[in-house]
Amino acid sequence: MYDKDEIKQNITIEQMIDIVEALGASTPIVRSEILMIENICHNLPGESRGHKLYYYDNTKLFRCYTDCGEYFDVFELVIKTRKIQENEDWEMFKAIIWVADFLGIAPKLKEFDDMDADAFQFLKEIKALENKISKFSQKREQELKIFDDIILNNMSLIPAGSWLREGITIDTMKKYGIKYYLSEDKIVIPHRDINGNLIGIRGRTMVKEESEMFGKYMPLKIGDTMYNHPLSFALYGLYENQDNIRKAKKVFIFEGEKSVLLYDSYFGSSSNIAVACCGSSISSFQIDLLYSLGVEEAIIAFDKEFEELNSKEHKRNIKALMKLKDKFMNRMKVSFLYDSKNDMLELKDSPIDKGKNTFLTLFKNRVII
Ligand SMILES: [Zn+2]
């Protein structure tokens, strides 16, 4: 059950910008409490000449100053755009669910009497399940499994040729204990917690078919043991580089392990202040870890996610990075290595993939938001 008016009244102007963009409008012009929007109310996106659809934050109402010539709310705008863009006739309830979904608002129990008993039971079960999941993840946080290092001793130290060619030195591979698991044709990457305990082993497959099916990186399985760990409860490279990070009070956060190794090869172990979050998001747990080392600036060095400036991907990427920044809640300065002019990196490149000079240029021009 959704409270239509409550949803409407609580929509912030920033959220409304997201909504009209999701409905196809280009970025609105913002004039204090008013949004001036491309007229998606009666035109297809991109076909409207001006921005004559106004949104007033004080009344939470839209007014179209051309063809429609009337006031309407966000739900009616959804209905209008679905009709124009998809030729679908949406009922009000569908528009309400769309807006609530978009904003991540969960339906709530308005009045017990409004609901039938089954639905109420269902919600109770969901709630119980959610509690279970959150308890489980708290537990997981405290209980990272620790594996016996001995498993690594049996693996060869043959340096991975493809990594050598990309610029990762043998010294670096030795420092991080990179090995080769011959029988599976995998580069072996041990993951440690801040105290050096082995908490997981990831493998980079060299078999093309396997990488296409399962991705390039996955936890290693040896015999019956799966060497996996929750990636968001550790930072790759933190064990090796913690003293440098404490001293510099700065850290580079890359997505993948390989960037940490490249950094090490380019700039030397004694100045390595790089870690990898092993994904494209940074967890609160990881931020806590860095904060506890006294980090004052986190330099996010994520892979490039767009091909063209001002494209949808580009806009989405910027939004995602802004959200990421918010996660730090001003506990430290946050900056980004970003290919702002779109002339230094290719799609999916890590900022360190194009060599030392490119990396240093990106660092010098890093973006602080
Ligand atoms: Zn209109």
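The structure is a predicted model, in which local features need pLDDT of at least 70 and side-chain atom pairs count only at pLDDT 80 or more, while totals for chains, interfaces and linings use all residues. Residues are numbered from 1 along each chain as its sequence is written.

A nonpolar core is a set of buried Ala, Val, Leu, Ile, Met, Phe, Trp, Tyr and Cys residues joined through C-beta atoms within 7 Å. A residue is called buried if 20 or more other C-beta atoms lie within 10 Å of its own, exposed if 12 or fewer, and partly exposed in between, with C-beta atoms placed from the backbone. The largest nonpolar core has 52 residues, and Val-251, Phe-252, Ile-253, Val-275 and Ala-301 have the most contacts inside it. Helix H11 gives the most to this core, with five residues. Because domain 3 (150-229) and domain 4 (238-368) both give residues to the core, it lies between them; these domain bounds come from an automatic or database domain assignment. Leaving aside residues up to four places away in sequence, Val-251 touches Ile-245, Ile-273, Val-275, Leu-290, Val-295, Ala-298 and Ile-299. Here, contact means that two C-beta atoms, placed from the backbone, lie within 7 Å. A second, separate core of 18 residues includes Val-20, Ala-25, Ile-96 and Val-99.

Helices (H or I, at least four residues) and strands (E, at least two) are DSSP runs, numbered from the N terminus. Just after H11, Gly-268 takes a positive phi of about 90°.

Strand E7 also takes part in a sheet. Four strands form an open sheet in the order E6-E7-E8-E9, with antiparallel pairing; two strands pair if DSSP finds at least two bridges between them. E6 and E9 (217-219) are the edge strands, each pairing on one side only. From one strand to the next the twist averages 40°, using axes that are lines fitted to C-alpha atoms, for helices over the stretch in contact, and angles that run from 0 to 180 degrees between N-to-C directions. E6 and E7 are joined by three bridges, and Tyr-180 has Ile-187 in E7 as its bridge partner.

Gly-177 sits in the loop between helix H8 (170-175) and strand E6 (179-181). With 17 other C-beta atoms within 10 Å, Gly-177 is partly exposed. Gly-177 and Leu-152 are 25 residues apart in sequence, yet 8.4 Å apart in space from C-alpha to C-alpha.

Strand E3 (residues 53-56) shows two contrasting faces. In a regular strand the side chains alternate between the two faces of the sheet. Leu-53 and Tyr-55 make up the covered face of E3, whereas Tyr-54 and Tyr-56 make up the uncovered one. Four bridges join E3 to strand E2 (residues 34-37) in antiparallel fashion, with Met-36 opposite Tyr-54. E3 also pairs with strand E4 (residues 61-64) in the antiparallel sense over four bridges, and Leu-53 stands opposite Cys-64. E3 and E4 form a hairpin with four residues between them, and Lys-60 in the turn has a positive phi of about 60°.
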